[in-house]
Amino acid sequence: MLNGNVKLYDELGELARYLESAMRKMTEVGAPMVANSAQLPQATAHLLDLNTMTEEGTLEVMRLTEIIQDNRARAAKELASVVSTLEAVDCRTLAARLGKTAQDLMHDEKHLIDIMTALSFQDLVAQRVKKLVTIVEDVQCKLVELVVVFGLNQEGTAPETQGKAGEMLRQLEASKSTAIKQDLADELLSEFGFK
Amino acid sequence: MPADPNMKILVVDDMSTMRRIVKNIMKQLGFANVEEAENGVDALSKLRAESFGFVISDWNMPVMTGIDLLRAIRADDKLKTIPVLMVTAEAQKENLIEAIQAGVSNYIVKPFTAEVLQEKLIKIFK
């Protein structure tokens, strides 16, 4: 009985030491991980910016394509009218040449529709980005749970600014806040003697 | 019966770019009477307020998804006969089966071409 108790206490002691060591390791590894996670909301915001940027670009290409489509439709109508006039006055050769040009324009119409449909890439990109954002947010929630469960100390843990991730985020932030517009670039260029 | 070029068409998608693409293709195919809705709820309120002959809907949308919109249309006595074409990035076999079971009229997987949309229109309105 006594031997049994001693063995049990030994095993309990070993288990306690193992637990303590695991908790210490968890704190060592967990604290920097939590510090790194501070970058996640910023990274998510940049991902969502990507959606806005591709959407704006896509809408502009669409606007221009629609202008070309309308102009082309007007030109085709005008050509058809000229072709009928020429046929009426028996200028068949000229009418046939213009008719051929009208047919070429018809091919362009298909190309313009193909440009419009190709722009659906933006929708697919946006959907994937949204899914990635959901994944990142989920990871962040799990990290918060980790902080709560293991009581990881966040105080005094400065947000991670070193390393690749920190550098990339700094670059992304800079592209938003400090990127100069062309007019300012031209102004600076002219100050340096560029004409 | 071929599609009436004057029929009112409702394009449902949360992405403005996709709505514009579908609207543009429909215009080029001779259907100029096209309206837009951003999600299923918005679409249902428009469908109940006006008379539409055709619905082209995305699947993944906030507030109310395309599949829920389809089920709501099929469950509504006044709307249930409206043909519904789903244009979606949900390209799993299970999605297609779910849509068929919910009463979809046809199904297009993104990205798609104008020819595919035209072909589906002909099939729906033949």
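Reply: Angles between axes under 35 degrees count as roughly parallel, over 145 as roughly antiparallel, 65 to 115 as roughly perpendicular and the rest as oblique. The model is predicted, local features needing pLDDT of at least 70 and side-chain atom pairs pLDDT 80 or more, while totals for chains, interfaces and linings use all residues. Residues are numbered from 1 along each chain as its sequence is written, and chains are lettered from A and ligands numbered from 1 in the order in which they are written.

Me: Are helices H2(B) and H3(B) roughly parallel or roughly antiparallel to each other?
Reply: Helices (H or I, at least four residues) and strands (E, at least two) are DSSP runs, numbered from the N terminus. Axes are lines fitted to C-alpha atoms, for helices over the stretch in contact, and angles run from 0 to 180 degrees between N-to-C directions. Helix H2 (residues 40–49) and helix H3 (residues 66–75) of chain B pack at about 25 degrees, their axes 9 Å apart. H2(B) and H3(B) are therefore roughly parallel.

Me: How many nonpolar residues does the contact of H2(B) with H3(B) have?
Reply: Residues are in contact if their C-beta atoms, placed from the backbone, lie within 7 Å. Ala, Val, Leu, Ile, Met, Phe, Trp, Tyr, Cys and Pro count as nonpolar, Asp, Glu, Lys and Arg as charged, and the others, Gly among them, as polar. H2(B) contributes B:Gly40, B:Ala43, B:Leu44 and B:Leu47, and H3(B) contributes B:Gly66, B:Asp68, B:Leu69, B:Ala72 and B:Ile73. Besides 2 polar and 1 charged residues, the nonpolar ones number 6.

Me: Which strands stand at the edges of the sheet in chain B?
Reply: Two strands pair if DSSP finds at least two bridges between them. In chain B, 5 strands form an open sheet with parallel pairing, in the order E2-E1-E3-E4-E5. Each edge strand has a single partner, so one side is left without a neighbour in the sheet; these are E2 (34–37) and E5 (106–109).

Me: Which helix of chain B gives the most to the side that touches chain A?
Reply: The contact takes 16 residues from chain A and 15 residues from chain B. With 7 residues, the element of chain B that gives the most is helix H1 (residues 16–28).

Technical notes:
Contact = placed C-beta atoms within 7 Å.
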